[in-house]
Amino acid sequence: MENAVSVSQLVKNFVLKKRAGMRWTESEVKAVDGITLSIEKGQSVAFIGPNGAGKSTTIKMLTGILHPTSGEANVLGCVPWKERTRLAKRIGVVFGQRSQLWYHLPPRDTFELLSKIYEIKQDVFKSRRDMLIERFQLSEFLDTPVRKLSLGQRMRAEVACSLLHGPEVIFLDEPTIGLDVIARQELRDLISEWNRENGVTVFLTSHDAGDIQHVARRVIVINHGRVVLDDRVSRVRRQYLREKVLSVKYADTPESISLDGVKTLKESGHAFKFEVDTLAVPIEKVMSEIMRIGSVVDITIEDPPLEEVIAHIYSAPPSEFGEDAADDDDADENESKS
Amino acid sequence: MSKYFYIALTSIRSRLAYLGELGSKTIFLFVVLYIFLCLWKVTYAETNQSSLGGLSLKQMLWYLVVTESIIMSLPTIATLVDQDVRTGALAMQLVRPMSYPLNMLAQTSGERVLSFALNFLVGSIIALTFVGPLDFNISGIAMFLLLIPLSFALDFTIYFLIGLAAFWLEDTTGLTLIYSRMTMILGGMLIPLELFPDGWQQILRVLPFSAIVYGPARVFVTGDLQVFLSVLIQQIVAILVFAFVIRIVYNLALRRVFSHGG
């Protein structure tokens, strides 16, 4: 399958000036330190990492805003920083912390203006706009000045704006930042729906584990300007979620459990919360042990939230992650399709 | 080109959303014009002349209407650019298939044309009330209408450059302040160039300030073809020079993008 984005050994250094007394010293900061990755057309990728990891810098290079120090990138056949304007017509960009809507005007006017800026044919523009209005449910506030919209409404309009010219790749830099749970959910659904139905390649950065889980199928983690993990979201969960949490409720006081790899997290009355290390002990064995020590009334098994997985990846040194993780990605994909 | 025209139109529409601010400016315009009418009246009477620097009292007030309207219609070009640079909002503009400088030109010009038209309308009503209509001639108005957009464009190039300085400077408000005061004083906002000492006049006529303020106003009240031609050339040359400088500085600046504002 054709690649929408391919990046090879991309590096961006910034010169940082510091003042010590009267003297300025210059030091070089490596914001992006040799990133290599490729994204197939139609894929949805979450690009995550802690603050200052180089996410935004990478997005800015891929959208042509920023010149790299060295390395190559190709987005839809264009070298972004050399063919910025040409590429601009084929990609959509949403920066969650910046607005592209005119503050004093209703979203309808911004749509109209964007149709001129992107030189969209009027009939194409109208049909696409109407479709976006319907899908993103914009009609109720389409004629209300943007300054009077809620953040959730505004972000829906922002994302719709960036889809107006029918981009083939859409870059979303923290699109759900500041949104409440429902607005966040709505936006995620819209993005992944658009990805599925229109085949748009989605490149998303976020600090929200839910965004990654619901929108992306593949996750690329970067830290200190390097790719530390590149794998399918489902596999990341499986591979790094060795711990399971079991909540068990007994009819009366059970015997105490003594198994390697099982830790009692909480105990109140007849209710227990165990953490199980599935590598140290098979879950099956734990289950039978739990059943043996007492009469079980209720039991739930949970994965720790993805957030914890991410925190674990962020804090771990890069060497902990095998290079082969990305290699059997294809096999896994085929497996899940069949 | 039509996209920039449409940006200008959208900017006018957006400006119409907060007309109140424009309204309060016109009160200020009224006060300024009234004070200067009184001052000039005294000056004409004291010097016992019917014409100063080639302008009658009536022409002088109309001259002020034009210069004040030009100065007061100034949009916050440098601040907008400065903010775009400093906050990193420039990124949002660069991911569009358009030129950032032309976009800013269109956006601020739309705003300025509307603001100028309103100021000029109010100023004209004040002038009509106090000194009556000017002896207009059609060619004078036509020349004026040609000079005004060029005046705005020239003013834009300089403010845009000041805004771009945000890539290198901590704060550009100082530069803005200096430049705007120089436009007011050296551009002949309150006093036509003819009333400056001879030596000064020579210099001021070459500087870009007079091409922004004095030139269009003088042509409007006198319809002088000679002044028109020299101001027109002055404007075109200055715009070309500054546009060239912008090109160089902007390209340099783009390489520095986002060491600011991440």
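Tutor: What follows is a tour of one sheet of chain A, and then of its surroundings. Keep in mind that this is a predicted model.

Start with the sheet itself. Its 4 strands stand in the order E11-E12-E10-E13 in chain A, and the sheet is open. The pairing is antiparallel. In general, strands of a sheet pair through backbone hydrogen bonds, either parallel or antiparallel. The edges belong to strand E11 (262–268) and strand E13 (296–302) of chain A, each of which pairs on one side only. Neighbouring strands are turned by 20° against each other on average, direction ignored.

Now go through the pairs. E11(A) and E12(A) run antiparallel and are joined by 6 bridges. One residue pair to find is Val262(A) with its bridge partner in E12(A), Val276(A).

Move on to the next pair. E10(A) and E12(A) are antiparallel too, with 7 bridges between them. Here Glu243(A) has Asp277(A) of E12(A) as its bridge partner. Then comes the last pair. Strand E10 (residues 243–250) of chain A meets E13(A) over 6 bridges, again in the antiparallel sense. Val245(A) stands opposite Glu302(A) of E13(A).

The covered face holds Phe272(A), Phe274(A) and Val276(A). The uncovered face holds Ala271(A), Lys273(A), Glu275(A) and Asp277(A). In soluble globular proteins, nonpolar side chains tend to be buried together.

Next, step off the strands. The loop between E10 and E11 of chain A contains Thr253(A).

Compare another spot in chain A. Glu40(A) sits in strand E2 (residues 23–40). Glu40(A) has 15 other C-beta atoms within 10 Å, so this residue is partly exposed. Glu2(A) lies 38 residues from Glu40(A) in sequence, and 5.8 Å from it in space, C-alpha to C-alpha.

Chain A has another open sheet to set beside ours. This one has 6 strands, in the order E5-E6-E7-E3-E8-E9, and its pairing is mixed. E5 and strand E9 (226–232) of chain A are at its edges with a single partner strand each, so one side of each is left without a neighbour in the sheet. The twist from one strand to the next averages 15°. Inside it, strand E3 (residues 44–48) and strand E8 (residues 218–223) of chain A pair in the parallel sense, over 4 bridges. Ile48(A) stands opposite Val221(A) of E8(A).

Now find the largest nonpolar core. This core has 140 residues. Among those with the most contacts inside it are Val45(A), Ala46(A), Phe203(A) and Val219(A). Its largest share, 14 residues, comes from helix H7 (residues 138–164) of chain B. Focus on Phe203(A). Leaving out residues up to four places away in sequence, Phe203(A) touches Val5(A), Ile39(A), Val45(A), Phe47(A), Val169(A) and Phe171(A).

Finally, zoom out to the whole chain. Chain A has 11 helices and 13 strands. Its C-alpha trace spans about 75 × 55 × 50 Å along its principal axes. Of its 338 residues, 36% are buried. Take the contacts in chain A between residues at least 6 apart in sequence: 70% of them join residues at least 24 apart. Chain A also touches chain B, through 25 residues of chain A and 22 residues of chain B. On the side of chain A, the largest share is 4 residues, from H3(A). By class, that side has 12 nonpolar, 6 polar and 7 charged residues.

Note on methods. Residues numbered from 1 in each chain as written. Chains lettered and ligands numbered in written order. Predicted model: local features only at pLDDT ≥ 70, side-chain atom pairs only at ≥ 80, totals over all residues. Contact = placed C-beta atoms within 7 Å. Helix = DSSP H or I, 4+ residues; strand = E, 2+ residues; numbered from the N terminus. Nonpolar A, V, L, I, M, F, W, Y, C, P; charged D, E, K, R; others polar. Pairing = 2+ DSSP bridges. Axes fitted to C-alpha atoms, helices over the stretch in contact; angles between N-to-C directions. Core = buried A, V, L, I, M, F, W, Y, C linked by C-beta atoms within 7 Å. Buried ≥ 20, exposed ≤ 12 C-beta atoms within 10 Å, placed from the backbone.
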